[in-house]
Amino acid sequence: MSWFKRDKGAIQSPVPPEERRVRTEGMWDKCPGCRKIIWRKDLEANWQVCTKCDYHFKLGSAKRLELLLDGAQWTEHDPGLVSSDPLHFTDTRPYKQRLREARQKLGINDAVVTAEGRLNGRPIICCAMEFGFIGGSMGAVVGEKVTRAIELAIGKKFPLIVVSCSGGARMMEGTISLMQLAKVSGALARLDDARLPYISVLTDPTTGGVTASYAMLGDLNIAEPGALIGFAGPRVIEQTIRQKLPEGFQRAEFLLQHGFLDAVVSRTQMKTYIASALDFFLA
Ligand SMILES: [Zn+2]
């Protein structure tokens with residue numbers, strides 16, 4: 001038996017339930033760096049860098065190219081390359097389905113965009129990785145696109161810039177993804193023979209097979225502040241060497257201190273920095 005009874009019916013809302021939504025939803029973000037609430041528009045205007053503490057959020061491939069290339073203009077190369085799922089791989093979901101979903105969500109066919117454009121007037125070839133596409137993992141398509149970008153740079157005698165953001169090799173393609181390490185590294189050796197500069201930009205996170213190949217092979221290896229850069233994760237290393245790892249291990253600043261990087265450059269300064277580096281190399 002209940003204590004109260006409703007005589008009249010429930011109050012009818014003028015707004016149907018599917019349209020009931022807080023109007024400010026999605027307008028704010030909490031910064032993991034300073035824990036302050038920031039307006040998403042401010043964040044977008046500042047290339048996804050926190051205006052209060054300089055925390056670098058992830059930046060998508062299109063925005064990255066817009067940041068680096070003059071007038072946000074570029075010609076994309078090999079946009080149509082797609083993975084053929086050679087192993088017919090399935091884990092919790094079929095790999096084919098993951099690919100389809102990533103393609104639909106991001107409007108690109110794999111985890112890297114290759115572009116030809118200008119940086120402060122100088123023609124360059126630039127690859128920008130997309131973390132949103134299966135963790136920016138490197139399968140046959142990423143390896144092939146980066147290799148073709150290198151070959152294009154050699155053919156046109158342009159400098160090369162690769163912006164990495166990756167969880168490593170794409171496990172759904174097994175050994176085929178690991179073979180990309182050798183392929184891309186071989187192409188970079190030919191770029192070196194042609195005496196053309198290659199600047200590698202490492203952003204949060206750059207790990208696994210990408211670190212183990214092209215991300216660490218630049219004439220200059222520069223990183224964004226706070227970026228996680230490494231091969232294996234800290235837990236795996238701790239378990240292997242049975243030692244506690246130092247504070248800030250595998251972060252850009254720590255790696256710079258220990259000689260693994262040439263510079264740590266803030267995103268808003270990145271274009272200027274690369275332009276002066278290229279002036280130096282090509283003078
Ligand atoms: Zn912040």
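Guide: Donors here are N, O and S atoms within 2.8 Å of the metal (3.2 Å for Na, K and Ca); water is not among the atoms, so sites may look incomplete. By that rule, the donor residues of the zinc ion follow the spacing C-x2-C-x15-C-x2-C. This is a predicted model, where local features need pLDDT of at least 70, side-chain atom pairs count only at pLDDT 80 or more, and totals for chains, interfaces and linings use all residues. Residues are numbered from 1 along each chain as its sequence is written, and side-chain values use heavy atoms, with hydrogens and water left out.

Visitor: Which atoms coordinate the zinc ion?
Guide: The SG atoms of Cys31, Cys34, Cys50 and Cys53, at 2.3 to 2.4 Å.

Visitor: What makes the site of the zinc ion tetrahedral?
Guide: Four donors count as tetrahedral if all angles lie between 85 and 135 degrees. The 4 donor atoms here give angles of 108 to 113°, and the site is tetrahedral.

Visitor: Why is Ile150 called buried?
Guide: Buried means under 20% relative accessible area, exposed over 50%, partly exposed in between (1.4 Å probe, protein chains only). Ile150 has 0%, so Ile150 is buried.

Visitor: And why does Cys34 count as partly exposed?
Guide: Because its relative accessibility is 22%. Cys53, at 33%, is partly exposed too.

Visitor: What makes the Ser83 and Tyr95 pair a polar contact?
Guide: A polar contact is a pair of N or O atoms within 3.5 Å; within protein, one must be able to donate a hydrogen and the other to accept it, and residues adjacent in sequence count only if both atoms are side-chain atoms. The side chains of Ser83 and Tyr95 make such a contact at 3.4 Å.

Methods:
Tetrahedral: all angles 85-135°; square planar, octahedral: opposite > 155°, others 65-115°.
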